[in-house]
Each structure stands twice: as C-alpha cells, then as structure tokens.
Amino acid sequence: MRKRLRKLLLVFDIRLKEVNMTGEQWWQQAVVYQIYPRSFQDSNHDGIGDIPGIIARLPYLKSLGVQVIWLSPIYESPNDDNGYDISDYCRILPEFGTMADVQEMFSVAHRLGLKIMMDLVINHTSDEHAWFKASRQSKDNPYRQYYIWRDPVDGHEPNNWQSDFGGSAWAFDDTTQQYYLHLFSKKQPDLNWENPTLRHEIYSMMTWWLNQGVDGFRMDVINLLSKPVHFVDDPNVTTENHSSSMNFIANGPKIHAYLQEMNHEVLSKYDIITVGETPGVTTKDAIKYAGTTANELQMTFQFEHTEVDNSREGFGKWSDERFNLVTLKRILSKWQNDLYGKAWNSLYWNNHDRPRVVSRFGNDSDQYRVISAKMLATTLHFMQGTPYIYQGEEIGMTNVKWPSITQYKDIDTRNAYDDLVLKQKRMTPDKMMSYIYHSSRDNARTPMQWDKTLNAGFTDDKPWLPVNNNYSEINVSAALSDKQSLFYYYQKLIHLRQTMPPITTGKYVVLDIADDSVYAYRRISDDAQLLVISNFTEKMQKRHYERPDSATVLISNYDDDLGDTLRPYEAKVYLF
Ligand code: NOJ
C-alpha cells in the first residue's frame with residue numbers, strides 16, 4: 001500500500017514538474033545578460049573593467065529589461081585564461097575590486113530587482129591555487145588526490161588526449177616525475193572529482209557563495225568532471241588530426257552521480273538559476289542533465305549551433321567558412337522539438353568564447369548591420385527557452401581584425417597560432433589570420449562601447465584590449481538616443497517575453513526546413529499563434545505562409561508590412 005502511494009506521489013510529482021516546464025518557473029521567463037567584467041566598465045583608471053564599474057551600469061541593464069546578470073569569473077586568478085583559472089574561490093581579484101564591492105553589487109542589483117548568477121569553474125583550478133601548490137609537492141601530500149596525476153607511459157604522456165587550447169592535455173612535473181592532466185592550459189590543472197573530500201569542499205564553497213546572496217551558477221564545462229574509465233586513448237586523435245579531446249572526454253560515467261549529489265547537497269536547497277556549459281551534448285544528454293526529473297541542473301548550454309561553420313579540414317572552430325542556414329535551422333529545430341515538455345533550452349547566439357553574432361550570422365556592413373542584428377534577435381527570442389544576451393550584442397558590436405597575431409591576447413588564439421602555423425606548419429600565417437578574424441574569442445572581448453569619448457567611455461587609461469575602432473558610431477549613448485536602435489528593439493523583445501505567454505509555452509513548428517534563405521516557424525499555444533519569419537539574406541524574397549486576415553504584426557524590423565514580400569534581412573512576427 002505504502003509502496004503504491006509512493007509511486008503515485010512520484011508520478012504526480014513528475015506531472016507537476018512537466019507542468020512547470022511550460023513556463024511557470026521564474027527562470028523560464030527570465031532573460032539573462034552576460035557581463036565579461038574585464039571588458040565592461042573601468043572605474044579606477046587602470047584600463048580593466050571592475051565591479052564598481054558594473055554597479056554604475058546596473059540601471060542601464062535594468063532599463064534594457066533583463067532579469068538576471070551572469071558574471072564571468074571575478075575570483076582571484078593569475079589570469080592565464082582571464083579568470084577561468086581560479087587561485088582562490090572565496091577571494092575577489094583585486095583588479096576587479098573587493099568583497100565589499102561584491103556585497104554592494106548584490107544589494108544594488110537586488111534593490112533593482114536584478115538577480116546575479118556567478119560563473120562556477122570547478123573542472124579545474126589555477127596551478128597557483130593553494131590546493132595545487134600542495135598537490136605537486138609530493139606523492140603523499142594530502143592534496144595529491146585533489147588533482148589527476150599519472151606515471152609516464154614508455155617515457156611519454158599517459159595517453160593521447162589533446163588540450164582544448166592545443167597540444168597534449170598532460171604536463172610533466174619535475175618534482176614528482178609524474179604528469180598532471182589539464183584539459184585547458186598548463187596552468188589549469190583538472191580537479192579529481194573521484195575524490196569525495198574535494199567534492200565536499202566544492203559544495204561548501206558553493207553554499208558559502210549562495211549565503212553571500214548569489215542567485216545562481218553558470219557552471220563551466222561541467223560535463224567534463226568525470227573522465228572516461230581507464231583513461232583510454234581518444235580515437236579521434238591521429239597524426240593529422242590534433243583537435244581537442246573535449247567532446248571525447250565529455251559526459252563521463254560518473255557525471256550524473258556527481259551532479260545529483262551536488263543538487264542534493266547544495267542546489268536543491270535554494271531557489272536559484274543553474275545552467276551547465278556542456279560541450280558535445282546531444283538532446284538526449286541534455287535531458288539527462290536538465291530534464292524535468294533529472295534533479296541536476298535547470299538548463300544546459302549546448303554547442304551544436306555554434307559549430308555550424310567549423311572547419312571541414314579538422315581544425316575545429318578555426319575556419320572562415322560561411323554557415324549554412326539549413327544546417328542551422330535543423331539544429332535549432334531539433335533542440336526546440338526534442339526538449340519540448342522534457343527539458344528547458346538556453347538560447348544564445350554568442351558569448352565571451354564566440355565571435356560577434358552580427359558579423360557571423362548577419363551582415364556587419366554599414367548598410368545592414370542594425371537590420372540584420374534585429375533579424376537575428378527576432379529569430380532567437382521567439383524560441384522556447386531562456387535567452388542570453390552577451391554584452392554589446394544589444395548595440396550590435398562587431399568582430400575586429402587586427403593585422404598581427406601579437407595584438408591578440410586570448411590564450412586559445414595564441415596557442416592555436418603557435419601550433420598550427422609555427423610548430424606544425426599546417427597553414428600559412430595569412431590563412432590563420434583569416435580564421436582568427438572569423439573565430440577568435442578576442443572578437444567578443446573588446447571593451448564595451450559606451451559612447452564616443454576616448455576609448456568608448458570604457459576607460460580613460462590604456463584599455464587591456466584595444467577598443468574596436470568603430471566605437472564612435474556603435475555605442476550605447478548613440479543607441480539610447482535613437483528610437484529605432486537595436487537597443488530598443490531588444491527592450492521590446494524582452495518585454496514581449498514577459499507579457500506574451502505563447503513565447504514561453506507555445507509548441508515550436510518549423511516551416512520549409514529546406515529553405516536556405518528564410519527561417520520561418522510557428523509557436524502554437526491553445527489560445528494564440530505566433531508566426532516568425534526571418535530573411536537571412538540581403539536579397540528580396542517572396543514567401544507565403546498561411547495566416548488569417550486578422551493576424552497583426554507584433555514586431556518587425558521594418559516600418560511597414562509588404563505581406564509575402566520580404567526585404568533584405570526583414571524579420572516579422574504575426575500574432576493571431
Ligand atoms: C569555458 C569558458 O567559457 C572558457 O572561456 C574557458 O576558457 C574554458 N571553459 C576553460 O575554463
């Protein structure tokens with residue numbers, strides 16, 4: 001009898017959660033804005049963005065209308081990978097400010113009704129973290145088991161795994177004559193999640209941050225925590241192909257046990273937002289991580305749509321190929337359909353690791369930059385999921401082209417140039433520079449363009465990374481003084497999401513998936529339907545999609561409606 005009752009309650013609980021997947025959780029109606037603190041706003045004249053700078057700009061984000069801010073890491077770090085190499089989880093990098101500044105940021109944000117989600121980097125630490133310093137001292141140091149150490153095999157690395165930043169994922173340490181694993185730079189040793197003491201230490205740190213007032217976590221490469229059994233070779237690595245082993249290592253055998261434990265120990269005790277960065281996941285995997293009954297995370301960041309223009313020659317993202325719209329539609333539609341009623345999508349075009357979306361999927365020429373950026377925003381913001389806006393996306397910031405590799409700061413870009421051009425001689429410097437213009441992470445990391453004063457109003461000192469030289473035209477101040485600007489278009493999209501339930505709950509149905517110029521889809525709910533139409537080309541197109549005469553245009557990037565005629569990069573949404 002008791003068993004049956006428990007089973008019934010379980011079914012009921014599952015149903016309740018399914019209902020919630022139709023948009024009843026606060027984070028399902030939220031729009032998130034990502035800040036890359038180093039490049040957002042400097043306040044103390046050192047050329048580096050900081051927390052007081054962020055505080056000063058919170059009213060701007062409030063006026064945009066977002067509900068949540070995701071902060072890339074602000075913890076103490078030697079900055080080998082701009083803060084994704086943490087040397088102390090409970091201290092703030094002095095360049096960014098103090099713990100008192102962080103407290104002030106939380107309280108100002110909360111007063112404005114904004115929530116703050118912190119980046120949580122727990123697949124690895126910096127090699128300057130006290131745990132790693134102790135770990136490398138001797139084989140019997142208590143912290144040895146916090147990291148992944150292996151003996152050489154035949155005088156070489158223990159296996160063929162390749163770091164995501166190029167080269168072997170193993171580094172030899174002279175003191176103890178063993179290798180340690182680093183899936184990113186040598187200064188980012190991987191933590192050993194097999195060790196329960198380490199796991200509980202991380203959970204305490206998370207709890208500490210939640211008690212400081214944090215409203216959620218974005219979890220860095222969270223599906224890499226559990227490594228493949230016996231550390232077998234990555235079959236994709238060959239003499240010709242040295243690309244990252246990340247996707248091979250992802251989704252290891254114990255990952256769900258770890259995340260369920262984390263959920264039980266920490267996450268389930270707070271009403272927070274959680275999103276896991278999960279390279280290489282399929283929709284099936286995503287349901288395991290963030291399904292209604294998974295008890296792990298609320299959302300994942302999948303990578304498939306960001307890989308549409310990857311190299312066909314095995315260089316991963318190092319390519320300058322133009323994406324194919326049909327492939328993009330197939331991927332996004334698959335994620336919309338497969339997760340419907342089962343899990344929740346995160347919707348993003350770009351972040352601090354991806355090039356600027358208007359340069360990549362739109363058209364950043366003077367003529368089409370704003371109109372194509374509005375079209376891209378429309379396409380994404382009417383899908384089901386939680387949208388993420390990356391700083392500067394709302395004013396249409398673009399990629400940069402610097403003439404020399406020495407001007408690039410990103411470790412990933414510099415390592416790739418060293419490996420592919422200098423060491424392996426697999427391409428000419430010119431070819432690699434053209435790939436860098438297309439894909440380098442520095443495209444997204446140039447300082448935020450606030451106004452047309454010196455250094456775009458980001459700093460009055462030398463900025464840590466040069467400002468894009470188009471800042472006198474593309475900046476926040478110009479956007480705020482133009483009622484037709486991209487900023488106000490994003491503001492409207494965000495407002496619509498808050499006020500129009502079908503955007504959160506409707507069923508997605510793609511139209512004419514094989515059309516390689518126009519992306520059209522419907523969102524269907526019981527009492528309303530949305531028809532979203534985006535012309536991805538600079539050519540006029542003629543398309544007819546069924547809709548009643550009573551349909552009204554909810555939003556469009558042109559002033560009038562020409563019915564079946566679509567102008568360059570036109571986007572419109574009908575409601576009926
Ligand atoms: C993913 C982060 O988004 C990226 O910026 C970082 O370099 C790697 N993880 C390593 O932490």
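Some ground rules. This is a predicted model, where local features need pLDDT of at least 70, side-chain atom pairs count only at pLDDT 80 or more, and totals for chains, interfaces and linings use all residues. Residues are numbered from 1 along each chain as its sequence is written, and side-chain values use heavy atoms, with hydrogens and water left out.

Which side chains make polar contacts, meaning N or O pairs within 3.5 Å? Asp81 is one of them, with a side-chain N or O atom 2.5 Å from a ligand oxygen. For Asp220, the distance to a ligand oxygen is 2.7 Å. For the side chain of Arg218, it is 3.1 Å.

How much of the ligand does the protein bury? Alone, the ligand exposes 300 Å², and 97% of that is buried by the protein. Those areas come from the Shrake-Rupley method with a 1.4 Å probe.

On to the aromatics. Rings of Phe, Tyr and Trp (its six-membered ring) pair if their centres lie within 6.5 Å; planes under 30 degrees apart are stacked, over 60 edge-to-face, the rest tilted. The count is 34 aromatic pairs. Tyr143 and Tyr146 pair edge-to-face, 4.7 Å centre to centre, with 70 degrees between the planes. Buried means under 20% relative accessible area, exposed over 50%, partly exposed in between. Tyr146 has 4%, so it is buried. Tyr143 has 29%, so it is partly exposed.

Key
Polar contact = N/O pair within 3.5 Å; in protein donor to acceptor, adjacent residues only side chain to side chain. Buried < 20%, exposed > 50% of the residue type's maximum accessible area, 1.4 Å probe, protein only.
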